[in-house]
Amino acid sequence: MGSEVRLQVCSCLRTLSSSRDSGEIVHALRTLTHYLEDDEFTRLHYTRALQVLVSAQSSHWFNRSRDDDEEIKKLWDEMFLRGPPDQTLLLLLDTISSTGESAGLERCVSVLEKFLSAGRLQVLLWSRCEGGGSYADTPQLREIIIGHLAALPSITSNHLHTNTPDAFLPQQYYPLLAASILDTLEKTCHALRAGRDCSLEFVAQVLGKVCIQGYSSQVFEILAPRLSSLTRVDPLWQRVTQRLLENIPERCTECVITGLIRCLSGATAASRLMGNLVVTNKKAQFVLTHKLLLQQYQHPTRLVKSVLGYLALDPERRMLLKQVLRSVCQVWCNSSAVKHTSVEQQLYVSKALLLCVALLTDSEIQELRQEMLQCMLGGVQCRLDSNIVRIRRMGMAVGECLSHKIDTPGSQLKFQYEPDEEIRELKSLMESASVEEDNEEHQPDASSSLQPEPKVEGSAGRSVTSEPGRGSDSELDSDDDLTPYDMSADQEKKESSPPRYVRDCLEALMSSDDADRVELSLQVLDSLLRKNVKATQEVSVQFSKVLLHLEDRFNTPRFHSLRQNAMVALTVTDIKPVVDYWTTEFYSLNYNLRQRLDILEVLALSAQELSEPIRNKHTGAQPITAVAAIERCDDITHWRQIVEKRIQSKTRRISKGGTQPVQAVPNCYAPVAGFFFFPLLRNYDRSQVTFDLLGSDHLVLGRLLHTLGLLMHLAINAPVASQMGRALLDFVWVVRFHTDQMVRRGVMFAVCAVFLSMPSENLLTELGDDLMETRAWLADVAENDCDADCRSLAVQSLILLDKNLKSQLQIPDTET
């Protein structure tokens, strides 16, 4: 029988290869389609037959309208759509990949579209599942089939380009593949109910291959909701789905689990679909308990809730929940992690920590109380030491939440800060579902609650409750009918009048216990100091000392801004003595950090005012973001605007023509820039009893670097700019690898300021042999620093350095 089939097939294939007679071709195709039900033919001769059909087809087969040609088209399609689907798929994809534009290519593309729409993918998957998966093929062939199934859009689009049919595009193909997988799982359930064996290994390998290639979202958008619905009512579907996930190859476990959990509605659905996979599969355990929570931070909060809720839903998995809590606690209280990870990653870990704690029972909290206490104390402390406002607030919010769980009501932590949306989200994670349900149960019924007693305003503004048998206030006080006098425009009369002399203000601030007099003095001080220059210069240093030590004893409105404006007015009115006082006191003993920061702010504001062109009369110092209040010290928007504006001025755009060089204009800052700048660098490496700039006082160090960078930038075109740039580069080179993010931001800004303000020829001379090392350091920061602002500033510095190099190394154009 085998030899007869072989002889018949060979005869038909010779006819198809050589004959141009439609009748002979039809007869040969009919014979071959008759053998499609024969196992020997499909196993031994089917692929060869398809190869002959593909190579023998020509335009005269399909371009005529005779009945024979229509039957040829039908039989040709039937050969591809009724045979073993795996062989058909491989042949069609290989043919499309190796065939140029022709009628034959169009015919293969058309039949592949019909192959997909006819449900042949379901047939292929089911053929590998039924009978316990006992399909006779080699591991190499199986891997090829899986690869072609998973990569069909890539294989076709790489050759067809813009002519790729919509059915081959990822947004249509992968949902179709997901539907085929669902159909296969459904058939598996029917077979198991009928007592037949099935294997899901092939389907699991296909699913893993698709997910590892980056299409997990397209597949699970179809699979996850349907599986969640089916497993809710049918235990057999739970068993089948769990077995499918158990058979996922180890290298694909992470992308499959992540894609699945992303598309599920919550932890309960994940528990139904995955079962105790996290207990039995070490790779899944590593992904769910470590990688998704501690090594990655791009996932939404909903995924973290699903993962931790999944661990909490089963007694066998709750041990892993406690293990996760211990790991997260270790990371959260690690000071090195706070310094070397981004704010976004710290927020992600904080969310995981609070969600873990919210899922613990009272007994588990008592069991883990010591670890949580150490985590709270260490983590809060290292975050309060940070210069980044977001990190400090995060530490305070998480500390309060942890303290609420482990401490008694009388000893719970409480911080003062302004909550934002991020903090409110963190705190909301501690509200468990059971607490919300209890609150809803205990809410009083609005229909049965008692109405509040009506209240009226008494004559003295007090709220008085009406009682039966008692007259109202209108009956007791006849004056209530009188029309009140309009006093909305009245102002409170102050007993003191504003001082008119500088020395009177000085005396009021030094010795007065009258709050009104102090307030009036501060309000007029700025204008008095600027108008009376000679009187101001006589007491400028003494006045500076008073203002530096002045405290807000009377809770004066706008105290800090009025005080700062006065200090700036003193500085710009009598520059050298006052600046010398500020820079000397900055490194003196017995000053707190706030006072040292005040000195830096005043120096920066004064330098900015003095740098204004002389022809534009400036009326007062304007606050700038870079040296704003300490609560906003991590905002470097102003620095980036300065850098980008200067880079644009140095960039030549052909479409806009050559840019105009920066015009040097006279100002009051250039002659005195050295008085502001160099004294701030003289004692930075000397630690004192109350001040250690290179040690624990990194907050001041970061602000000092930003101030020095601003002073450098404002000194552009000044004769002393080259000396300032050389000194600043030496300084930042010492602290360029500092662990604090704010300090590294200051370093990057200072470097940008040097590259912007220092003449190119002097810059390259100063860098000298260190040029390559400087470039390598900036490139490393731009690529590897955990802080996004540091990376951005490093990129800007590299751009500026490259422009300076090009401007110095190019041959100048010869003027004619």
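**Cavities, helices and positive phi**

Visitor: What volume does the largest cavity have?
Guide: This is a predicted model, in which local features need pLDDT of at least 70, side-chain atom pairs count only at pLDDT 80 or more, and totals for chains, interfaces and linings use all residues. A cavity is a set of points, on a 1 Å grid over the protein atoms alone, where a 1.4 Å probe fits but cannot get out. Grid points are joined across faces, edges and corners, and a volume is the space filled by probe spheres set on the points. For the largest cavity, that volume is about 50 Å³.

Visitor: How many cavities of 30 Å³ or more does the search find?
Guide: The search covers the whole structure. At 30 Å³ or more, the number of cavities is 4.

Visitor: Which helix gives the largest share of the lining of the largest cavity?
Guide: Residues are numbered from 1 along each chain as its sequence is written, and side-chain values use heavy atoms, with hydrogens and water left out. Lining residues have an atom within 4 Å of a point; here they include Leu245, Thr253, Val256, Ile257 and Asn281. Helices (H or I, at least four residues) and strands (E, at least two) are DSSP runs, numbered from the N terminus. The largest share, 3 residues, comes from helix 15 (residues 253-263).

Visitor: How many residues of that lining are charged?
Guide: Ala, Val, Leu, Ile, Met, Phe, Trp, Tyr, Cys and Pro count as nonpolar, Asp, Glu, Lys and Arg as charged, and the others, Gly among them, as polar. The lining has 6 nonpolar and 2 polar residues. Charged residues: none.

Visitor: How many residues of helix 37 are buried?
Guide: Buried means under 20% relative accessible area, exposed over 50%, partly exposed in between (1.4 Å probe, protein chains only). Across the protein's 816 residues, 50% count as buried. Helix 37 is mostly covered, with buried residues numbering 17 of 17.

Visitor: Where is arginine 558, whose phi is positive?
Guide: Phi of arginine 558 is near 55 degrees, and the residue is not a glycine. Arginine 558 is exposed, at 56% relative accessible area. Its place is the loop between helix 31 (533-549) and helix 32 (559-573).

Visitor: Is asparagine 590 buried or exposed?
Guide: Asparagine 590 also has a positive phi, about 65 degrees. It sits in the loop between helix 33 (575-586) and helix 34 (593-610). Its relative accessibility is 64%, so asparagine 590 counts as exposed.

Notes. 1 Å grid on protein atoms, 1.4 Å probe; cavity = no way out; pocket = protein on both sides within 12 Å on 5 of 7 lines; lining within 4 Å.
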